[in-house]
Amino acid sequence: MNTAAPSVWKQPAQVWAVAFACVVAFMGIGLVDPILPAIAESLEATPVQTELLFTSYLAVTGIAMLVTSWISSRIGAKKTLLIGLALIVVFALLCALSGSVDAVIGFRAGWGLGNALFISTALATIVGAASGGSGAAIVLYEAALGLGIAIGPLLGGLLGEQSWRAPFFGVVVLMAIAFVAILALLRGPSEKREPVPFSAPFTALRQPALAVLAVAALFYNIGFFVLLAFSPFPLGFGAMGIGFTFFGWGVALAVTSVWVAPLLMRRMKRTHIILVVLPLLALDLIAAGLLVASATALVVCIIVGGLLLGVMNTVLTEAVMEATDLPRSVASSAYSAVRFLGGAMAPPIAAALWHAFNATVPYLFAAVSVLVAALTILLGRKALAHIDDESEGGAAEDAEAILLGDAA
């Protein structure tokens, strides 16, 4: 007997409060992209210094991911969310008021800590509070993730046309609204908390399958963040042009992550998808390097890269969730901590290579890194054989794990 499923969009106010905060949190990933050249000019910073805005943010986010599950399992989801949001508000405001690039770099690190605390807890909160079961919650989280990734660069471009400080002030206002909404609307969780050992993520990396995937993700993330963080410089556009370019990139990434990747995984083994998509991404990066003098060609390469990155994000993260029998939050934290190292190191290395050689070399460096990721998967296929088996868990549970990993 068929029963009509409850509408995904009929949710309690507390769910909408967390979903709104998720959109704003994910916007922070690409918000500074359109204003990188403006920051470099206004604060008389070198491209390498400017790219450290990504490095400090991603490095701290990755390191913090190792302890967020330990923290939230002890103080509860609501307190963890509020602390994360408060840190983002404070450090985004300090970024906006900064008078030097070194100060902005330092305050972005604090922002990364807040973001790690928030995004590592938000999904579990939505799942626990949503009506219609975990499937409805996951759809909402997917929507928030996609909107945030796409809107971040666009908002950064719109506000960046006024001043490089304006996007940071925009985040302060939006996150302050989210803080008040969660404080007023989110009820404390009723379930009993089970403390997670502090050592759990570190111990997890001893498992061969998870270690192989984490190392592959480190090199893959180098390609990801060269495309995202370095490309605004050779594009030569103003803030608005960069914003629209990476809005298209974000939409492409969201579409393939949410719809295309699951379709492929129903037809192909996970490792086969990875070993097909990574070489295609390397070819796209090589094309970007060779055609970097043409803004139009580079925009096309960025959008195509977004399509490939969306598939990789979802497939890699689901592979992580199936790689071990560890709690999924622990596996995701360990994996994310390692992969963010790649994201943290890539932008300043790309800028240094540009300064030492030319704008082509950073993309070739990214392509080689992506091929190293593919080689890691190829050499580690024996350890990864079991991730190609049909998952025993439900589709909703798998999707929840994917999204947790993407958010991390």
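Trainee: What share of the residues in the protein is buried?

Mentor: In this predicted model, buried residues make up 57% of the 408 residues. A residue is called buried when its relative accessible area is under 20%.

Trainee: What makes Thr 271 count as buried or exposed?

Mentor: Thr 271 has 2% relative accessibility, and the cut-off for buried is under 20%. Thr 271 therefore counts as buried. Thr 271 lies in helix α12, residues 270–290.

Trainee: Why is Thr 376 called buried?

Mentor: Its relative accessibility is 18%. Because that value is under 20%, Thr 376 counts as buried. Thr 376 is found in helix α15, where the buried residues also include Tyr 363, Val 370 and Ile 377.

Trainee: Which residues does Thr 376 contact beyond its neighbours within four places in sequence?

Mentor: Thr 376 is in contact with Val 212, Val 215 and Ala 216, once those neighbours are left aside. Contact here requires heavy atoms within 4.5 Å.

Trainee: How do you know that the span of α15 is close to the expected one?

Mentor: Helix α15, residues 360–379, has 20 residues. Among the buried residues of α7 are Phe 168, Val 172, Met 175 and Ile 182.

Trainee: Which residues does Thr 271 touch, not counting those up to four places away in sequence?

Mentor: Thr 271 touches Leu 384, Ile 387 and Asp 388. Thr 271 and Leu 384 are 113 residues apart along the chain, while their C-alpha atoms are separated by 7.8 Å. Asp 388 lies in the loop between α16 and α17, and Asp 388 touches Lys 269 and Arg 270 as well as Thr 271. Asp 388 and Glu 322 are 66 residues apart in sequence, with 8.7 Å from C-alpha to C-alpha.

Trainee: How much of the contact in the protein joins residues at least 24 apart?

Mentor: Among contacts between residues at least 6 apart in sequence, 87% join residues at least 24 apart.

Trainee: Why is α12 called roughly antiparallel to α13?

Mentor: Helix α12 and helix α13, residues 295–323, pack at an angle of about 155°, with their axes 9 Å apart. Angles over 145 degrees count as roughly antiparallel, so α12 is roughly antiparallel to α13. The crossing of these two helices is left-handed.

Trainee: What part of the accessible surface belongs to carbon and sulfur atoms?

Mentor: Of an accessible surface of about 15700 Å², 69% belongs to carbon and sulfur atoms.

Conventions:
Residues are numbered from 1 along each chain as its sequence is written. This is a predicted model: local features need pLDDT of at least 70, side-chain atom pairs count only at pLDDT 80 or more; totals for chains, interfaces and linings use all residues. Side-chain values use heavy atoms; hydrogens and water are left out. Helices (H or I, at least four residues) and strands (E, at least two) are DSSP runs, numbered from the N terminus. The expected span of a helix is 1.5 Å times one less than its number of residues. Buried means under 20% relative accessible area, exposed over 50%, partly exposed in between (1.4 Å probe, protein chains only). Accessible areas come from the Shrake-Rupley method with a 1.4 Å probe; for residues, only the protein chains shown count as cover. Axes are lines fitted to C-alpha atoms, for helices over the stretch in contact, and angles run from 0 to 180 degrees between N-to-C directions. Angles under 35 degrees count as roughly parallel, over 145 as roughly antiparallel, 65 to 115 as roughly perpendicular and the rest as oblique. A crossing is left-handed if the near helix is turned anticlockwise from the far one by less than a right angle, and right-handed if clockwise.
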